[in-house]
Amino acid sequence: MSRLIASSFRPKLTSVLLLTALALGAPHASAAQTGSVSGVISDSLTGQPLGDVLIRVERTSSAARTDPRGRFTLPGLTGTTVTLIVTRIGYQPVTRSATVGESGVAIQLNRTALRLDELVVTGQAGNTEVRALGNSVGNLNMSDLQQATPTTSVQDALSTAVPGLQIQRASGQTGTGGVTRIRGVSSLSLSSEPIIFIDGIRADNTAGSNSIGFAGGGDTPSRINDIDPNDLELVQVLKGPSAATLYGTEASNGVMQFVTKRGAAGAPTWSTELRAGANWLPSPDKLYEGIYYRDTLGVVQHLNLIDNDIRRGFGSPFSTGRPLGGTMSVQGGTDAVRYFFSGGYDHDEGIVSYNWQNKLNGIANLSYLSGDRFKVDLSLGFTRSKTRSASATQPMTTYLIWACPNNSCIFPGLGPNDAGRGYLAGVTPEAFGEIEGLDNIDRTRLGVTFTHRPNRWLNHRFTLGGDFTNNASSLYFPRGSNAAFGIPEGQKFVANDRSSFVTADYSATVSASLGPSLGSQSSAGLQYYQKKFTQISGSGRAFPIRGVNTVSGGGVRQGFEDPDFNLENKTLGVYVQEQLAWRDRLFLTGAVRGDDNSAFGVNYDFVVYPKVSASWVLSDEPFFPRSATVSALKLRAAWGKAGQQPNAFAAVQTYGPSVGSGGTPTVTPLNVGNPNLKPEVTREIEAGFDASLFHNRLSAEVTYYNKLTRDGIFAALNSPSSGFPGNQFINIGEFSNRGFELALQGSPIARGEWRVTVRGTLATNRNRINVLGQDTPIPNTGIGQLTGAYNAAGYPVGSFFFKRIVSATLTSPGVVTNVMCEGGANFSRGDGSVVPCASAPLLYFGSPIPTWLSALSADISWKRWRLAGIAEFQGGHVVDDGNVGGAHVFFTNSRAAVEGTDPIAVAHIATGNFGAAGLMKAGFGKIRNVSLSYLAPERWARMLGASRGSVTLTVANLATIWRAQERKFGMRGQDPEVRNNAPNFYADPNLTNGYTQESWPQYRRFLVTVRLSF
């Protein structure tokens, strides 16, 4: 009986226990349904992962940001599906559904055509959104640009990026740089380079260094190219005084902000890049077509020296360089500490065997964050480089272009089949390999920025740091070097140039609400800048034997401390700024900055620079018509002033030590000084609009600017009666730059896996000297009278003026009479009359400053492939090509000079009109870069232990597709773009003389870049 009861009770007990267990387990069953969503966010055009993307779950507080690999995870989600909202500044937001538990979510973001929410560094505490700016700002994503078209030169990367920004290249020699200009030339005697900041620290922006290793030519290194473009995240360009007022004295030429890469919270991400390729000069025998001479029988002969060298077994004087390099970086961190470390090495070779560069770059960036209130950014960067110059003495191109001068090929030893092989003075290419010009750079940059936001209304920042460069250069002629170089007994020159730029910058911004619709930002700041240059040089001459290569080994030794290269300059500035914002769509900004500078004269103590700007995002207004044509529209205008100070001792009367009679120490006058000297002040007005069109497929940026510079500083020649040599800096003159800038960018195709982005820019500039300050035009440089470059009222800076030969009578080959020129007033455009050239005026021939700049680029992606290309165009200016003019007039080895059948060409030779004989239209169009990239499948990358891999093939300087003028009197100019950038080359500090001579043409470059991420 009991067994029966137990048997019947057991099923009931089991049921009760089961129900109890289910009831107790119900919460756990619900918890088991929670899960996560993870995935990767990438750029739809490049396929590159995107960091710092915000992913939110709709109608919840769940959110996450992507790490540097583009990865994200959203934990603790309930339900079966969620809706993700994905946003990032500069990209169109995306909304999509995801299944809870899904781990492979892949989302691609499309870039917005108009980025009004992008942040810009303007000099105040806290960055400013583009929508609030009344002026245009050039924004360049260097990280993306390096992915598309890799380069090892910052100037190459910038050359086509921003409308109104011009990079005037000095040559194709490895290790050299060029001149950077924004919106034309704004000074007669001072630099037109924009000032540069790297992570808030003022940096050396010297366009052409004083390196003695490059003393033989007019092309020298530029300090901007010490920076590794792979270390940069972005570059922002403030184009003129209306944007750069807060930077004060020296900012009239514009400001460039370089922002290096920084770490992000997440696991360490390792990236490596390997580079290899080739540099060569395409068809040098066609570029250097050869020279002409008459043989002993009077028959005109043509000699192509490159072909002749190859025929005789010497080979081409040009070679193929082999660039090789690599970069490795790691980034990551926690919410409190973040880091980015990078190191890179490049060995580059030019188009002659003795031109090379070894460069080591590195940066270490650390950030400490205490929540959202306090942040410390520490930046350390270094560059170590060693460059061997191809222009230690006058370069080989000199002896190639001006070969066989004045029929010298008929002389014994100088003919094509003799030892001299036709080269100028018999100096063959092999002789240049033993002349050694070296340039060693040791550059360190250190900076720290403290950012503190103690509450919602106060944000203040303090930056302290410096940029320090030691440039040790040398030039060595061994004993027994070719006598044509002028130092057969041997000589060595050495120079040590040091520069230091120190920055201390404090700024604070107070934000306030003045009502439900009106906001205020009040800012104030104090800056101190110090820059210092020193140089010590020496030489040793007359070595006892070959092989001695030290200064102390010379029989005659000298040492120098040139006061022109030992300078110090200090600036102390303070500013206040007020910005009012109406409903985050209408912005009005006013600011005033005051500066004192150590170079101002004692009778001039302080300068004030005001600024006013307005911005109106019209498309945010309720009354703005919604249409498919205009998606967004912003109107803007700005007015402001900025200045440029004179040289350090320009205002001070100075004397220097000297050796008198019998070795008695004495002093000698150096600089007469000017106690009334004050800075050049540039006022700029700009206005324009930014628009997004056709459903955000096309963006347009249109700007008009007008710059006016007053109190222009000019180096006037001292009167002998003053007792002082050289020049005195005085404030005279007024000159202007005005023009339009247009940038169009769009994505005409975004369908399936196809993405096409195109961009076009156009910038115009009209430069004019309104008032010169004296009646007589001033030669632009020390060689101005020879090349015909003058500064004259009513014309652009450094314009060319020559006698315009219109007719001549050829009486026999090479002989003309009755040479006639156009008449008119001196330094005018001429009046069409004809007068004898002996009494003819100098007439305007053109400006060295381009009147328009343009760039076109396209970026096409399909699946894992990406094709990118950039073309650059310039025009409306001229160049005085000394290679061409010298061949016609001085060396008479051109066909026109030897045959003597063109009466106009012969008239130029007969009158010695060297400058006009080489003057050519300088307009050109070049395909700068074409690259093809392939993103490898993940399984391929995993075979190498990597998470991601890609290969990019790049060709730089692929082709010149247009030249405004290629020849003058039948002789070809090698490269319409290159100009001298050495500040001591014929005393041309503003580098506007438009003259070129002997410089190396730009070469073609092929580069293979392999990238791996781990």
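Predicted model: local features only at pLDDT ≥ 70, side-chain atom pairs only at ≥ 80, totals over all residues.
Colleague: Which helix is largely enclosed by the rest of the structure?

Modeller: Helix 9 (residues 882-889): eight of its eight residues are buried, so the rest of the structure largely encloses it. Buried means under 20% relative accessible area, exposed is over 50% and partly exposed is in between, with a 1.4 Å probe and protein chains only. Helices (H or I, at least four residues) and strands (E, at least two) are DSSP runs, numbered from the N terminus.

Colleague: What sits at the start of helix 9?

Modeller: Aspartate 881: one of its side-chain oxygens comes within 3.0 Å of the backbone nitrogen of asparagine 883. Asparagine 883 is among the buried residues of the helix, including His888 and Val889.

Colleague: Switching topic, how many disulfides are there?

Modeller: Two, taking a disulfide as a pair of cysteine sulfur atoms within 2.5 Å. Cysteine 404 bonds to cysteine 409, sulfurs 2.1 Å apart, and cysteine 821 bonds to cysteine 837, S to S 1.8 Å. Counting bonded cysteines along the chain, the pattern is 1-2, 3-4.

Colleague: Why is the one between cysteine 821 and cysteine 837 called right-handed?

Modeller: Because the torsion about the S-S bond of cysteine 821 and cysteine 837 is about 95 degrees. That pair links distant parts of the chain, 16 residues apart: cysteine 821 is in strand 46 (residues 815-822), and cysteine 837 is in the loop between strand 47 (834-836) and strand 48 (843-846).

Colleague: OK, strands. What does strand 22 pair with?

Modeller: Strand 22 (residues 356-370) runs antiparallel to strand 23 (residues 374-388), joined by 15 bridges. Strands count as paired if DSSP finds at least two bridges between them. Three residues lie between the strands of that hairpin, and glycine 371 there has a positive phi near 65 degrees.

Colleague: And what's on strand 23 besides that?

Modeller: Strand 24 (residues 436-452) pairs with strand 23, also antiparallel, over 15 bridges. Lysine 386 stands opposite asparagine 440 of strand 24.

Colleague: Which non-glycine has a positive phi of about 50 degrees?

Modeller: Aspartate 199, in the loop between strand 13 (195-198) and strand 14 (201-203). Aspartate 199 is buried, at 18% relative accessible area. Aspartate 711 has a positive phi of about 55 degrees and is partly exposed at 28%.

Colleague: Last one, how many aromatic pairs?

Modeller: There are 27. Rings of Phe, Tyr and Trp (its six-membered ring) pair if their centres lie within 6.5 Å; planes under 30 degrees apart are stacked, over 60 edge-to-face and the rest tilted.

Key. Residues numbered from 1 in each chain as written. Heavy atoms only, no water. Polar contact = N/O pair within 3.5 Å; in protein donor to acceptor, adjacent residues only side chain to side chain.
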